[in-house]
Amino acid sequence: MGIGFIQVISTELLSNRRLVRCSSSAAAEIFSSKKLPVVYSDKFLQHSAGRPHPERPARVAAIKQRLSEDKEISQGISFLEPSADEDMTLKFISEVHYEDYIDQVKRLSGYGDVRSLDGDTYVNGATYDTAVTAARAWMDAVEYAYKTGRPAFALTRPPGHHATMATGMGFCIFCNAAIASAYAIKELGLSKISILDWDVHHGNGTEAWAKSNPQVRMTSSHQYPFYPFTGAETDVGMHNNIKNVALSAESNWSTLGPRFRNEMLPFISGEDWEEPDLVIVSAGYDALSVDSLAQIELEPKDFATMTQEILKHLGHGRVVFGLEGGYNLDGISEAFAMTVDECIKFVREK
């Protein structure tokens, strides 16, 4: 943690008999200003394959630099370190992943060199600590968004939405969206969580966790058929709480836009699922036309449009945007910045 703890007490916090411990005056400022939190740590630079690999430290470094260099954006955000409650974090990682798998990641990371979970997914000496910190960052972002009523961001890596209960895959170690949702329900006492995943790859790990949970709804737009070869539109979950929007290769906003407005948005908040307590966006940016890992043709402005329409549809800012995929540095930094900018505009206009 940073130097000293301060306790921020508000009516909202007292209502659920909890105190938020913030690690800096910047964190306290989130509760007293309209600045939006971007939860980030330089630890996220330490998880590295030690060789060319799409999921690399430069991803978050490029985004952080882009946000910092934009005068309007930098004035509307605060970068915050994740809080340091490892016991609490591991409690909720264990809600989503088997203990044997968590121990495997810790053991492989303990060797210090680069090891493989599968053909795509690596572990190095920093991976375990980095992935635990990433999960904590998503949990912190959930708490900030819920208690301020304003959007919050988890600028983290490694990504998470492919990680299943038993294994990591697709560059992912721990399933951050599911962990953050479990934290929101069991620790913050929320009753309805919506997850929207706009990464180009289906969030199979998130869906596997969400499909049996009646307190969670998940919708995903993704290229199909494509890795991880899940996400068929016929998969609807045990409680009709899953909606997959499958896109053929070379689809663009003209294809996705109408389905986003007419299917995905009403699914996360609509007549049969009114006013979710919180929305978590698995914000992957590999559906950009410049990204070589898929064949969907979105542009950065399309992510700005989706962000704007999510906030307008909900009518509130209790939304967490957590980084998933996206591997073209110029594309991901621009699209993430446009996402943040739309949230800043929304808050200023409220």
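Predicted model: local features only at pLDDT ≥ 70, side-chain atom pairs only at ≥ 80, totals over all residues.
**Overall fold**

I began with the secondary structure and counted 12 helices and 12 strands in the protein chain. I then looked up the extent of the chain, and its C-alpha atoms fill a box of roughly 50 × 50 × 40 Å along the principal axes. For 350 residues a compact globule would have a radius of gyration near 20 Å, and because the protein chain has 18 Å, I noted that the value agrees with that expectation.

**Packing and surface**

I looked up burial next and found that 58% of the 350 residues count as buried. Among the contacts with a separation of 6 or more, I noted that 73% come from residues 24 or more positions apart. The chain exposes about 13,600 Å², of which carbon and sulfur atoms supply 48%. For charge, I recorded 33 positive and 46 negative side chains, with the centres of the two sets lying 5 Å apart.

**Gln-75**

I then turned to Gln-75, which has its place in helix H4, a helix covering residues 71-76.

Which residues does Gln-75 contact once its neighbours within four places in sequence are left aside? I found Lys-35 and Arg-348 in contact with Gln-75.

Definitions and conventions:
Residues numbered from 1 in each chain as written. Heavy atoms only, no water. Helix = DSSP H or I, 4+ residues; strand = E, 2+ residues; numbered from the N terminus. Rg over C-alpha atoms; globule rule 2.2 N^0.38 Å. Buried < 20%, exposed > 50% of the residue type's maximum accessible area, 1.4 Å probe, protein only. Contact = heavy atoms within 4.5 Å. Areas by Shrake-Rupley, 256 points an atom, 1.4 Å probe, with all protein chains shown as cover. Lys, Arg positive; Asp, Glu negative; His and termini not counted. Charge placed at Lys NZ, Arg CZ, Asp CG, Glu CD.
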